[in-house]
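Reader: I am new to this structure and would like to go through it slowly. Could you show it to me and then take my questions in turn?

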Amino acid sequence: MVGLIGRLWNLQYKSIVKEASGKTLAVAKFFCILHVTNTYLCTFALAYGPSMIPTFNLTGDMFLAERLSIKFGKVGPGDIVLLRSPESPRKVMAKRLLGLESHSVTYVVDPMNSDRCDTIVVPKGHVWVEGDNIYNSRDSRQFGPVPYSLLEGKVFCKIWPPKEFGSLMKSGMKDPDL
């Protein structure tokens, strides 16, 4: 009798272990795929604050950014990009790309106090980014051209709030002649 109970216990224990290990493996595969997708292909991001008004709301919008365009150099003036802040590397920002290396960019130096403009030629390996709300944005006007290596993704779709769901490709470009 004891031998029979022991064999039944072993059979039941083995099936539980087999089922648990199968489910654990499935969860591990899911997280591996999620990590690879988020790191190399596409990521969700949240933008909040006044810097990108009217493209993004003050209270926060969620959007998708793909990472392949950055790797293959397929970004251009008018694109909204995700980038590491040159001032605070733990912070990721969303800004509009206005100039690539060797482009000439004219910008308002201090829009709150004057209409004085300045022109800069973007150095090799750098980009020029600005927020859509020039009156309340920390961007290349304050910290200068940004190294291309700080770019992390190109925003292509707003997903939250639902009433604003849709593409963000080249919308709201400041100078269509760029």
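Reader: In what order do the elements of the protein run from the N terminus on?

Author: This is a predicted model, and what I say describes that prediction. The protein has three helices and ten strands. Taken from the N terminus on, these elements follow the order α-β-β-α-β-β-β-β-β-α-β-β-β.

Reader: What share of the residues in the protein is buried?

Author: A residue counts as buried when its relative accessible area is under 20%. The protein exposes about 11200 Å², and carbon and sulfur atoms supply 63% of that area. Of the 178 residues in the protein, the buried ones make up 35%.

Reader: Among contacts between residues at least 6 apart in sequence, what share joins residues at least 24 apart?

Author: A contact here means heavy atoms within 4.5 Å. Among the contacts between residues at least 6 apart in sequence, the share that joins residues at least 24 apart is 53%.

Reader: Is Thr-55 buried or exposed?

Author: The place of Thr-55 is in the loop between strand S1 (42–47) and strand S2 (61–66). Its relative accessibility is 12%, and the limit for a buried residue is under 20%. Thr-55 therefore counts as buried.

Reader: Which residues is Thr-55 in contact with, leaving aside its neighbours within four places in sequence?

Author: Two of the partners also meet the side chain of Thr-55 through polar contacts: the side chain of Arg-96 at 3.3 Å, and the side chain of Asp-132 at 2.3 Å. With the neighbours within four places in sequence left aside, the residues in contact with Thr-55 are Asp-61, Ile-80, Arg-96, Asp-132, Lys-158 and Leu-168.

Reader: Which residues do salt bridges that share partners join into one network with Lys-158?

Author: Side chains of opposite charge can pair when their charged atoms come close. Glu-164 forms a salt bridge with Lys-158, and their closest N and O atoms are 2.6 Å apart. Lys-158 counts as buried at 4% relative accessibility, whereas Glu-164 is partly exposed at 27%. Salt bridges that share partners join Lys-158 into one network with Asp-61 and Glu-164.

Reader: How many residues apart are Glu-152 and Arg-84, and which strands are they in?

Author: Nine salt bridges are counted in the model, and one of them joins Glu-152 to Arg-84, with the closest N and O atoms 2.7 Å apart. This pair links distant parts of the chain, 68 residues apart, with Glu-152 in strand S9 and Arg-84 in strand S3.

Reader: What separates the C-alpha atoms of Lys-74 and Lys-154?

Author: Lys-74 lies in the loop between helix H2 (68–71) and strand S3 (80–84), and this residue is exposed because its relative accessible area is 58%. Its contacts, leaving aside neighbours within four places in sequence, are Ser-69, Asp-79 and Lys-154. Although Lys-74 and Lys-154 are 80 residues apart along the chain, their C-alpha atoms are separated by 9.2 Å.

Reader: Which residue does a cis peptide bond join to Pro-161?

Author: Most residues other than glycine have a negative phi, and most peptide bonds are trans. A cis peptide bond joins Ile-53 and Pro-54, with omega about 15 degrees, and Pro-54 has its place in the loop between S1 and S2. Pro-161 is in the loop between strand S9 (151–160) and strand S10 (166–167). With omega about 5 degrees, the residue that a cis peptide bond joins to Pro-161 is Trp-160.

Reader: What is the phi of Ser-102 near?

Author: The place of Ser-102 is in the loop between strand S4 (92–99) and strand S5 (104–108). Ser-102 is exposed, with a relative accessible area of 58%. Its phi has a positive value in a residue other than glycine, and is near 75 degrees.

Notes:
Residues numbered from 1 in each chain as written. Predicted model: local features only at pLDDT ≥ 70, side-chain atom pairs only at ≥ 80, totals over all residues. Heavy atoms only, no water. Helix = DSSP H or I, 4+ residues; strand = E, 2+ residues; numbered from the N terminus. Buried < 20%, exposed > 50% of the residue type's maximum accessible area, 1.4 Å probe, protein only. Polar contact = N/O pair within 3.5 Å; in protein donor to acceptor, adjacent residues only side chain to side chain. Areas by Shrake-Rupley, 256 points an atom, 1.4 Å probe, with all protein chains shown as cover. Salt bridge = Lys/Arg side-chain N within 4 Å of Asp/Glu carboxyl O.
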